Structure formats: C-alpha cells, structure tokens
Amino acid sequence: MSLLEVRNLTVQFGPRERPVIAVEGLDLELDAGEVLGLVGESGSGKSVASLALMGLLAPQARVSADVMRYDGRDLQALSARERRALLGREIAMVFQDPHASLDPCFSVGDQLMETLAAHHGGPRAKLREQALDLLRQVEIPDPEARLKAYPHQLSGGMSQRVGIALAIAGNARLLIADEPTTALDVTVQAQIVALLLRLQRERGMGLILISHDLALVSQLAHRVLVLYAGQEMEQGPVPALFEAPRHPYTEALLRALPEHNRGAARLQALPGNVPAADARPAACLFSPRCPHAQARCHAERPALEGPGDARVRCFFPLADAQRHPLGAPA
Amino acid sequence: MSALLEVDALSKHYPLRRGVLAPALTLRALDQVSFRLEAGRTLAVVGESGSGKSTLARQLCFLETPTEGDVRLDGTPLASADRATLKRLRPQVQMVFQNPYASLNPRKRISALLEEPLAINTTLGASGRRSRALAMLERVGLSAEQAQRYPHMFSGGQRQRIAIARALMSSPRVVIADEPVSALDVSVQAQVLNLLMDLQAERELTYVFISHNLAVVEHIADEVLVMYLGHVVEQAERATLFARPRHPYTQALLAATPRLGQPAPANPARGEAPSLLAAQQGCAYAGRCPHAEARCREEVPRLRELEGTRVACHFAERISATASSGTPAR
Amino acid sequence: MPADNLASSAPKLAPDLAPVSPGTAFWRVFSANRGAVAGLVIAVLLIACALFAPSLAPHSPLEQYRDAVLKPPAWMQGSDPRFLLGTDPVGRDLLSRLIFGARLSLGLGLVSVTLSLAFGVLLGLLAGYARGWGDALVMRIADVLIALPALLLAIAVVAVIGPSLVNTMIAVAIVMLPHYVRLTRATVLQEREREYVLASRIAGAGPLRLMFSVILPNCAAPLIVQATLGFSTAILDAAALGFLGLGAQPPAAEWGAMLAGALEFIETAWWVSSLPGLAIFLTVLAFNLLGDGLRDALDPRLRQ
C-alpha cells in the first residue's frame, strides 16, 4: 500500500518573473516498510523537496504539486492545524546536525516528554516511562541519567540518537532522514545506520534517506532516486542502479568515487559545476557536463521514461556497451 | 639522510582550570606521537573526533608549541627555535583547512587574499605580487577575472581551490591538508583531489593529509597513520594497512566505512570514544575493543614493529586481520 | 582543468543573495526599509545645512535686530517677513541660528564619535588580541565608565576641564568610549580563532597585520551601526550639556543652549525654545532610523 505519493512537485523562490527553481517536476512514491534513497549533490534540491513535503518551507517558497498524498490523504488540502497534527505523529524528520535540532535550554527528558505529551498525553509519570523506553529503543546506555542531561553534554552520536527518539516518539509511519550521519564519526555512523535499519524493520516504517554518500545509501535503501539541479535524473532499485546506471550523471558520480579508481593516478572527475538555480538552460540540465551529449541534448529537455520503479531522464540512456566497467579508468 | 619532516614523541596537554575549588584537569590531546616523512610523499593521518589530528596539524604549522617532544623540519628543531628561525621556516609549511566557508577572509577580495603571503614574506612590488597571484589562480582552475570577487561569490569547491592556491603562494615544501575535501560534493571532491595530486607532482610537495574518509585515504596516501585519543595506534604503508590492518581500531574503522555493494556491518564497533579528560589507564581503546583483556586495561601498549607495520597493541599478533573483518559477535 | 563558471550552486533557503557586489546587495536591503531611507534623506539635508550654512542662512546668526525682538514665525500674526521662523529675545533670526546650530551639533557629533571610535577600536583590538592583564585592565576601566550615568560623567569631565565647545566634544567622546571598546573586543574575541585568521598566522602575519588588516575589517559592521546610533546620542548629550550651560558658550548658536536661554518665554513666545527642540528631535530621529536601517542591512549578511 502506498504510503506517500507525490507527482510533479515544484518548489520556487524569489520573484515570479525570475524564479529560483529549487525542485522541478519531482515524482515520488513510497510504500510502507520501504526505504527510498534520495541522492544528489549541492543544488540538487533534495533537502528542499523533503522540507516541502513536511510543509516546513518558509512562506516565501511556492510549493505546487499535482498530487501530494500521504496514506491516501491529500496533504495540500489540509489546514495548517491538520498538517501540524500530521507532522511529528505520522511523518517525522531527523536532521543532519543533531546539536542544532535539540533545544539547548531544556534537558533531554523535558524535550522527549513534551513531544510525547503533544502526541499522546497522559500523566507525567507515564510520560517519563515512555521517554525512558524510547531512549532504550535507540540504544542509549544508562537512560535514567541521560534523561536529565542537556544536549551540550551529549556527544554527536548520542544527540542523534535522541533526535531519532524524538522522531519516533509519535509512532511515525514515515521517517525522513536528511543526512543523518554526515556530521558523525564513521564508527558512530555505522551504529546509527544499524539502528535506523532495525527501527525501520521493526516498525514497518517508510524511510526516505537523503544523502550525498552513495555507499551509505546502497547499504540502506531498496530504491534510489538521483536528483540533479532540481530534477530527477534516474530512479532504480538497489543494487541494479549502482551496478548498471543508465543516466550519465549517475555513472559519472560513481566513477568519481575513489574506490572505483583504485590503482589509477587520477580520479575520473566530472568537470564543471551545477547550473545556478536562477539560470537553468532549456536543454537537458546535465548536457553541459555530459561526456555523451549530442545535438538533441543541447536543444531540448528529455522527459522521464520508463516504468514506475526504473525511470531515467535521458535521450540516450547508457547501454552496457557504453558503460565503462567501474574500477577501470576511462 | 634525514627525512624532511620528523616528529619525535610529540605531546600536547592542555591544563583546564575548573575554578578555585576543583582540581585542575589535563586534556591530553596528543601523546607521544612520532613519525618520519620523506620529501615528496603523502602521509595520511586517519582518526575520528578526539583523535588529536587537528591538534597535530596545529603543531606541525607551529601555531602552538608542544608540551613535550619536538618537530624537526629538514633537521631544524622547532620547539627551541628562535623567532628569526621560525620566521624563516614558516613559509615552508602551509595549511589547507576543512571548511571552505570559514578559511577565506570574507572581507577581502581574492587577489588580496592571494597576495597576502607574498606581502608578508617577499619583497615583491605590487605588480609582481599581482601577476604571481593571477598565475596561481589560473593554475588551480579559476580565471583571472574572478580575482576581484569576494569569497562568498564562489561555490565550496571553488573556495577550496582558492585556499589551495593561497597555501601555495609562499612556495611551501610541506602542505598540511586538514580534511580538505570532506565538506565537498563527490564530483567536486574528485576534481580537488586530482588538483592536489597534480600539484604535488609538479612542485614536489610533501603532504600530511588528514582525513576520516578511508576511501579517499586509500587513493591518495603513501603511508597511513591511525590515531585514537591522541595516540598513534597503527602506522604502515598504504597497501599494507588496507590489506592487513593490525590494530582492532583500524579494523573497526575499515569495517564501518560504507562500501558500494557491501551490506552494512551487522555488529558495528560499539560505544564511543571516551572523553579526553578522563584519566587514561592502559590502552585507550580497551573500553570498546572486543579483544580486550586485563593487561589492556592496566598497561599502555607501546608502538612496536610487526611485520612491516608499527602497531600499539599487546595482542596484535593474535588478532585475525583481514580487511573486512567485522568485530566478532558480542 | 576547465575554468569553472562563476556563481554558487542552488541556494538553500535564501535565494535573494545572488552573487552581486557587497555594495549592491547592501543597498537592496537598505532601500527596502522606508524608515531608513527617510532617515537618510533627513540626515543628508541636515548635513547640507551644516556644510553650506553661510550660503543657506538668510542672516548672520549673531546679528541682533533690536527692532525685531521676539517676532513670531511667518505663519503667525505679527510676523516680520524678513525672519521666517521668528526671532529670539535679543532679535537674532531663529532660522539662521538653527542652520548654524546644525553645523555645531553635527560637527560636535562627528568629532566626538570619531575620537571615541578611533581610541575605542584601538583599545578594543589590543585588549581582544593580546588578552592577559592588559585586557583585564582595559575592561575594568571600561566597566567603571559604563557604570556611571552618561550625563553625569560628561558633566564631571566638563567640570574638571572647563566648559567650552571643544571640551564638550572630549567629554562626550569619553562617555561613549567604553561601548566601542567592548564591542570591538567582543568581535575580536569571536573572530581571532576563525580559520581565516589562522591561515594568515600560518602565512606569517604578525600581530599588527592580524589586528588591523585581517580582523578589523570583519568588525566593521557592528561598529558602523554603533557609530551611527552613537552619533545621535552624542548630539543629544551635547545638547544636554549646552542646556546646562556647560557646552558652547553664548553667543554661539547651539541648539541646547538655545533651548535653555528661552525657557522663560515658553508660554509667550513658544517658538524660541520649541523650534530648537524640534531640530534636536528630528536630527536624533533621523540618525536613529539610519542606524537601524544600517544594522538590518549589514549585520545578517556579514554573519553569513
């Protein structure tokens, strides 16, 4: 059953005559229990898209979509109050910087109990028990002591676990994690990844994982959506997308990874920059940097082609013959 | 022949006074770090937060003086050097910082930023400085017209190139790169890494490359130094370390690093690094090490030779050592 | 390696900041604030009055017209067409005295703020950069100065060095000094550990270059705001001193003194004291609005 369905999501900022287009024509589907990886670099619009879903963008953003449905309910038709009721309870978010998403003036226990009170209510003693239980679920050692701790007394990994606890406090069915491990050490990252996987499986949550780290996403996701300059370039199942990418951008990203350049003196770098958000060409957005670009690519924009779970936006998607075997430099 | 850079039992302790009544604590950021680096090679320093790698970087740039031990540049000891010697040697060791948004003076134009090291260290006139600055700017892949712009007008990758250009203006022999690509996107990371390697070959630079990203380290390093809580725990040639890591911490790091196509580790290294303030008895890693025994908690292991590696572990011979070994089940 | 394009990648959530020069970007934000623009306009008019006083004023501010004592302003009955805003108790043209008073007040404000800013920034830089006992000494002195009420302190200084225009400037400068010291020191403490400062240290920059060339430009924004707001405070303080007879001595056309000299006529010839009061009010308001506008336009951008 489809948990989340989004069609043609567009997010714009700035004056209407010269809009800054952060996200354009994005389609997203997620089933319960599924993990979708949203992959892209700076300027891809991945964070803006998730904030738009949550309704968290500042008033100056213009968000429009043909369809934006959570569990069959139209998100755009909800009033502000109904949306707030949905947020945190059914849809929750975990952010990149754990210290920034916790209020430094209140103890961990206070923040957890406040969230629990907002979603479940009940006497204080019961809330405390639930808070302790949450801390245990996110594998925080010595939870009684941690309840009284303030965020600045916790390490990065601990704070992120508290952030996850806050996110699941309302028994969310859809969790959006925006670069949840980027600010953490590698060993802690592995622990948080294992925790997210376990929680997701136990609770049957849908998880949207936003990251620039392709390897991390390959470990967690069932399906991956690759964004570039606000548009979807490719979507496909893991591991097929990483083993046989069809869009030149996906392939270029993979080829630039150090682990695919073992033994080579130089990395196969993708030249150039992402086009600025207020100066996007009418042609294929990737064409200025694409090593396989042809005349048509510089003239028109391709549409998404392909079945629901394996789409690509390219006039000339890569066939096996063109793909350089990953690991061997071009 | 002495190496270009020699570090000898380098220690840096920070005393922390906690008021009149509480006893003073010592923050042992670096403890007995030693290594030799030959000219033209790249030493990668790997570690997570609290490992002391940033403190080491500051020591190598003579921003701070050591508590014990010494740093020798081309045979000249630095801790006891007089001001004139330091002034002469300073241009030979330069640094590239991690955060491209904080390492360039926001109130200065790029040309002024690049000319500053020349103004300080050479007697070149204004036009001489200008032409050298522009030449360096072009060498790192930017154009001369951009010299009059301010840092905030550039992307992260471009700023990092400017930072590299600035570091090279004083014609250094050693460049300390403190996580230079960690804040960059994958495709930009590849460009900047290529730039760094090209420059090294062109100018016979010696790099101390600090990173927590083992994939990048595997590509760029000749030799690897692994640090934990201020101590060196393992040191080896790159190929040796990645083929056969000896120290349990190195093994945990490698297991925790996400790799495309490999599943997440089922039992990631548990716990987190203890505080640098805690009194250390025995091996710093004992609290998290799955192989720890009584001796580990009592006796600090010394760095010793073991089949081409230097490792600080009492039981390094026993511990099975393949690159992808996870920690055994608890 | 191909030359990169200019311009950052897509914005996060503040897309108004296209890559323009700092000056253009500043003007965009500033001009959107109508109060600030109004303040700027009035301030420019006042500065014009001060600069071109001899050409603008219809009469000399000191000449007494014995036949036209306490004449009311032009829109009231019994006025004299020669004197648009009326005359004071000894027959001097009020309009001319106000215009020349602008010269005194604004000049006073400028000199005081400049003195205060120069010494305050210098002390703040030294204290913030050097730390140690020098820092503690400077800050304790600043604390004492701030603890004393501004006006009383000014009066005390003038009482010691004698009442005159120049001494008013010095007194007002001393009163404002600790604020600049504190502000500069706070910014220096914040900036000195930043990586761009470390980079300059590694390049070999000595303390002087670090303080003045590297760190000081980054303190500019809060200082500019404080200086503009301080300007209006300086004018007010100077007017207060003038009112008490401790500032510019008669017959100088100083607004505060003009206020004081006509209190007895407040019911019969209200214009003699109200108009100087209005002038003070307008000036302070204009520079306050200007300072607020500057703060809005400068601060958040420089915090990046």
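Guide: Start with a definition: two strands pair if DSSP finds at least two bridges between them. The model is predicted.

Visitor: In which order do the six strands of the open sheet in chain A run?
Guide: The pairing in this sheet is mixed. β7 (91–94) and β11 (231–237) of chain A each have a single partner strand, so they stand at the edges. From one strand to the next the twist averages 15 degrees. The order is β7-β8-β9-β3-β10-β11.

Visitor: Which residue in β11(A) is the bridge partner of Y228(A)?
Guide: Strand β10 of chain A covers residues 223–228 and pairs with β11(A) in the antiparallel sense, over six bridges. The bridge partner of Y228(A) in β11(A) is Q231(A).

Visitor: How many residues apart in sequence are E232(A) and R311(A)?
Guide: Their side chains meet in a salt bridge, 3.2 Å from N to O, and both residues are buried. E232(A) lies in strand β11 of chain A and R311(A) in the segment after α10 (248–256), so the pair ties together parts whose separation in sequence is 79 residues.

Visitor: Is E64(B) buried or exposed?
Guide: E64(B) forms a salt bridge with R58(B), at 3.1 Å from N to O. R58(B), at 22% relative accessibility, counts as partly exposed. The cut-off for buried is under 20% relative accessible area. E64(B) has 19%, so the answer is buried.

Visitor: What is the distance between the closest N and O atoms of R304(B) and E317(B)?
Guide: R304(B) is partly exposed at 26% relative accessible area, and E317(B) is partly exposed at 48%. The two form a salt bridge, and the distance is 3.0 Å.

Note on methods:
Residues numbered from 1 in each chain as written. Chains lettered and ligands numbered in written order. Predicted model: local features only at pLDDT ≥ 70, side-chain atom pairs only at ≥ 80, totals over all residues. Heavy atoms only, no water. Helix = DSSP H or I, 4+ residues; strand = E, 2+ residues; numbered from the N terminus. Axes fitted to C-alpha atoms, helices over the stretch in contact; angles between N-to-C directions. Salt bridge = Lys/Arg side-chain N within 4 Å of Asp/Glu carboxyl O. Buried < 20%, exposed > 50% of the residue type's maximum accessible area, 1.4 Å probe, protein only.
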